[in-house]
Amino acid sequence: MMEKSNTVTFSLEGEPEVQLLGTYTRYSSWTARVVTVLEYFRIPYRANYVQLADVKQHSKSGFVPILIPLSWSPSLEINDSLSICEFLAESYPTLGLWPQDRELRALARSAVAEMHSGFGEIRNTYHTNFVAKYEGNVPVSEKGKKEIERMLALWDQARNATIARSQALGEKDEGYLFGKFGIADAFFWPVLWRFRTYNLPLTTASPGALAWMKTMWSDPTLLKLSKDYFSQAENPKTAIAHYDDIFKGNPGIQYGRFEEDWKFEY
């Protein structure tokens, strides 16, 4: 039996239109991306979270997240966070999961594709763990430094392009990567956890990139999701031991936990 999650969901009328199978979002950037999109755009859904070791018992492909479109084809399983988000964007075209403007949409897709297939050093070294806090001499390799610099530059380029394009179109820029909140922001949301969790350097971050980070950390929907991550941490069943205290034994690094009322300052 799959365990039904206690994830934060909006009170929406009607039956769930999609079902999501994933691992607990406080650790899983892949599942968290999809949940963030579902929550932000108020798409009625039902979520079931399983422990990482049990995924193959419930997923035909052996991967998560899995999305099942209950209202269209309940036997279909769509895996991979990017393909799921593309399916949702196609299924709900009026919600604006991608930017309406063709130029910004192309840039947003490019940024998401780079996140989805790149930044291997950051992803493999600094595992997503929303509530965890590392202090001290957290090691950053030369490759890691280059990826961090590229990440910060990507955010800066996105904001600069969006500001310029919004002005040219006479449209409002809401401060997210490509104007309004979209799939790109959802994909980079777990990356912000990594910067916070491991205190990764922001020395090359531009004012535009920092302002976007502030916008994300202050967003009401993301704050609701953050509360859910902390709630999950109170349940021992959600724990993944090898993602906790990954520098154990290193006297120069202290491991702890963030408080729920933490705020991003820059």
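When I say that two residues touch, I mean a contact, with heavy atoms within 4.5 Å. This is a predicted model, and I will take it in parts.

I start with Thr-162, which sits in helix α6, residues 142-169. Leaving aside residues up to four places away in sequence, Thr-162 touches Leu-104, Asp-173, Leu-177, Phe-178 and Gly-179. Is Thr-162 buried or exposed? Its relative accessibility is 0%, so Thr-162 counts as buried. Its side chain also reaches the backbone oxygen of Leu-177, at 2.8 Å.

Now the helix around it. α6 has 28 residues, and at 1.5 Å a residue it should span 40 Å; the end C-alpha atoms are 40 Å apart, so the two agree. Thr-162 is one of the buried residues of α6, and others among them are Gly-144, Glu-147, Ile-148, Met-151, Trp-155, Arg-159 and Ser-166. What lies over the buried residues of α6? The cover includes α4 (102-117), α5 (120-125), α7 and α8. After α6 comes Gly-170, with a positive phi near 70°.

The axes of α6 and α8 cross at roughly 90° and come within 8 Å. That angle is why α6 counts as roughly perpendicular to α8. On the α6 side, Leu-152, Trp-155, Asp-156 and Arg-159 take part, and they meet Gly-208, Ala-209, Trp-212 and Met-213 of α8.

Next is α9, residues 220-233. Its 14 residues should span 20 Å at 1.5 Å each, and the end C-alpha atoms are 20 Å apart, so α9 also agrees with expectation. At the N-terminal end, Asp-219 caps the helix: a side-chain oxygen of Asp-219 lies 2.9 Å from the backbone nitrogen of Thr-221. Thr-221 is itself buried, as are Leu-222, Leu-225, Ser-226, Asp-228, Tyr-229, Phe-230, Gln-232 and Ala-233. As a reminder, an α-helix has 3.6 residues a turn, so residues three or four places apart point the same way. Covering the buried residues of α9 are elements including α1 (29-40), β3 (45-49), α7 (183-197), α8 (207-218) and β7 (253-257).

How do α1 and α9 pack? Their axes are 10 Å apart, at an angle of about 130°. The two helices are therefore oblique to each other, and their crossing is right-handed. The contact involves Ala-32, Val-35, Thr-36, Glu-39 and Tyr-40 of α1, with Thr-221, Leu-222, Leu-225 and Tyr-229 coming from α9.

Pro-65 is in the loop between α2 (55-58) and β4 (66-68). With 1% relative accessibility, Pro-65 counts as buried, because the cut-off is under 20%. Its contacts, again not counting residues up to four places away in sequence, include Leu-20, Leu-21, Trp-30, Val-34, Ile-78 and Ile-84. Ser-28 is 37 residues from Pro-65 along the chain, and their C-alpha atoms are separated by 9.3 Å.

The other two have positive phi without being glycine. Phe-119, in the loop between α4 and α5, has a phi of about 55°. Asn-199, in the loop between α7 and α8, has a phi near 50°. Which is buried and which is exposed? Phe-119 is buried, at a relative accessible area of 7%. Asn-199 is at 57% relative accessibility, so Asn-199 counts as exposed.

How values were computed:
Residues are numbered from 1 along each chain as its sequence is written. This is a predicted model: local features need pLDDT of at least 70, side-chain atom pairs count only at pLDDT 80 or more; totals for chains, interfaces and linings use all residues. Side-chain values use heavy atoms; hydrogens and water are left out. Helices (H or I, at least four residues) and strands (E, at least two) are DSSP runs, numbered from the N terminus. The expected span of a helix is 1.5 Å times one less than its number of residues. Buried means under 20% relative accessible area, exposed over 50%, partly exposed in between (1.4 Å probe, protein chains only). A polar contact is a pair of N or O atoms within 3.5 Å; within protein, one must be able to donate a hydrogen and the other to accept it, and residues adjacent in sequence count only if both atoms are side-chain atoms. Axes are lines fitted to C-alpha atoms, for helices over the stretch in contact, and angles run from 0 to 180 degrees between N-to-C directions. Angles under 35 degrees count as roughly parallel, over 145 as roughly antiparallel, 65 to 115 as roughly perpendicular and the rest as oblique. A crossing is left-handed if the near helix is turned anticlockwise from the far one by less than a right angle, and right-handed if clockwise.
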